[in-house]
Amino acid sequence: MNTLASGPLLKIDRLSKRFPVRGGVLRRVVGKVNAVDDVSFEINRGETLGLVGESGCGKSTVGKTILKLHEPSGGAICLDGKDISQYSPRQMRGVRRKLQIVFQDPYSSLNPRMTAADIVGEPLAIHGLAHRRDQRQRVAEMFERVGLRPDQMDRFPHEFSGGQRQRISIARALAVDPEIIIADESVSALDVSIQASVINLLIRLQQQTGVSFLFISHDMSVIEHISHRVAVMYLGRIVEIAERSKVFAHPLHPYTEALLSAVPVPDPATRRKKRILLSGDVPSPIKPPPGCHFHTRCPIAEARCRIDVPALREIAPGHMAACHLR
Ligand code: SF4
């Protein structure tokens with residue numbers, strides 16, 4: 001169980017990530033993509049923040065930049081009160097254990113030549129957390145904790161189903177007793193029934209260990225099920241952030257309203273509101289629309305939306321949104 005301390009566990013402050021765009025025969029830099037643009041949020045101990053948005057909105061880049069798999073272009077990443085955004089790879093080795101990731105694809109994220117026991121035990125060896133003889137015992141515990149049988153430990157990834165492989169990924173992330181796990185579309189490749197069992201596993205593990213999650217998904221139903229708070233992203237920016245119940249019961253941003261109106265419900269009579277169809281695709285992040293990035297698809301856009309960038313501000317207590325008209 002992680003110790004309780006004051007202040008957020010993770011505080012992201014005005015984080016940005018720009019990638020160069022290259023073109024021509026000489027592959028010169030001809031522009032840049034603001035994949036993450038001035039993003040701020042906090043995650044408390046034992047909390048799950050759901051980060052939701054359409055494909056290409058920058059949500060996975062947020063996760064990879066926090067892990068420093070991408071170097072941030074600006075802003076701060078404070079873990080336990082320490083800004084790690086400028087840490088060298090050597091310094092990062094000291095904090096890697098605290099920050100773990102579970103990727104989307106359970107078929108390609110596990111080394112096919114390693115046994116499940118070696119996959120789960122590898123981070124224990126890397127971080128020097130268990131002697132060789134204790135490692136097997138710890139791996140067996142992890143297997144049981146994620147709902148796998150220890151007698152399956154010596155099998156290879158191809159001998160497991162998709163859901164079981166994702167449980168191996170979760171066991172690997174959990175083995176080093178992390179403070180936060182970044183789950184990047186971790187259930188998206190699974191069948192719906194398997195998704196539910198993996199999500200319930202994550203919730204149970206959080207209750208047992210106090211681990212925090214940054215849960216990244218394009219799927220509002222999944223986000224609703226697992227998150228304590230929700231941040232909605234559009235073209236590199238956060239457009240709404242609040243407790244889950246506030247976002248789902250009273251969305252403030254027109255983009256969130258549209259995402260929610262598209263969530264299938266078992267009984268159409270209980271559908272939240274009339275379906276809002278967004279016209280067009282998400283614009284290219286290489287050339288995002290000026291002003292409010294959402295204005296090209298927003299059903300209530302006004303002239304000033306094409307010019308002025310709306311600030312993310314508190315519109316109701318604890319409920320932030322970036323829209324001129326709210
Ligand atoms: Fe729509 Fe304008 Fe609000 Fe952007 S600022 S969401 S375009 S109304």
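A salt bridge is a side-chain nitrogen of Lys or Arg within 4 Å of a carboxyl oxygen of Asp or Glu. By this rule I count 15 salt bridges.

**Entry 1. Basis.** I note that this is a predicted model, in which local features need pLDDT of at least 70 and side-chain atom pairs count only at pLDDT 80 or more, while totals for chains, interfaces and linings use all residues. Residues are numbered from 1 along each chain as its sequence is written, and side-chain values use heavy atoms, with hydrogens and water left out.

Entry 2. Two strands pair if DSSP finds at least two bridges between them. S1 (residues 10-23) and S2 (residues 28-43) run antiparallel and are joined by eleven bridges. Arg-22 stands opposite Val-29 in S2. Four residues lie between the strands of this hairpin, and Gly-24 takes a positive phi near 75°.

**Entry 3. Salt bridges.** I found Glu-42 in a salt bridge with Lys-11, their closest N and O atoms 3.5 Å apart. This pair links distant parts of the chain, S2 and S1, 31 residues apart. I use buried for under 20% relative accessible area, exposed for over 50% and partly exposed in between (1.4 Å probe, protein chains only). Glu-42 is partly exposed at 32%, as is Lys-11 at 35%.

Arg-237 forms a salt bridge with Asp-37, the closest N and O atoms being 3.2 Å apart. Here strand S10 (residues 237-243) is linked with S2 across 200 residues. Arg-237 is buried, because its relative accessible area is 19%.

I also recorded that Arg-45, Asp-80 and Lys-98 are linked in a network of salt bridges.

**Entry 4. Cores.** A nonpolar core is a set of buried Ala, Val, Leu, Ile, Met, Phe, Trp, Tyr and Cys residues joined through side-chain atoms within 4.5 Å. The largest has 56 residues, and Val-120, Ile-168, Ile-170 and Phe-215 have the most contacts inside it. Apart from it lies another core, of 30 residues, among them Met-92 and Ile-241.

**Entry 5. Ser-217.** I asked where Ser-217 lies, and found it in strand S8 (residues 212-217). Ser-217 counts as buried because its relative accessibility is 3%. The side chain of Ser-217 reaches the backbone nitrogen of Asp-219 at 2.9 Å. Leaving aside neighbours within four places in sequence, Ser-217 is in contact (heavy atoms within 4.5 Å) with residues including Leu-51, Lys-59 and Glu-185.

Key
Helix = DSSP H or I, 4+ residues; strand = E, 2+ residues; numbered from the N terminus. Polar contact = N/O pair within 3.5 Å; in protein donor to acceptor, adjacent residues only side chain to side chain.
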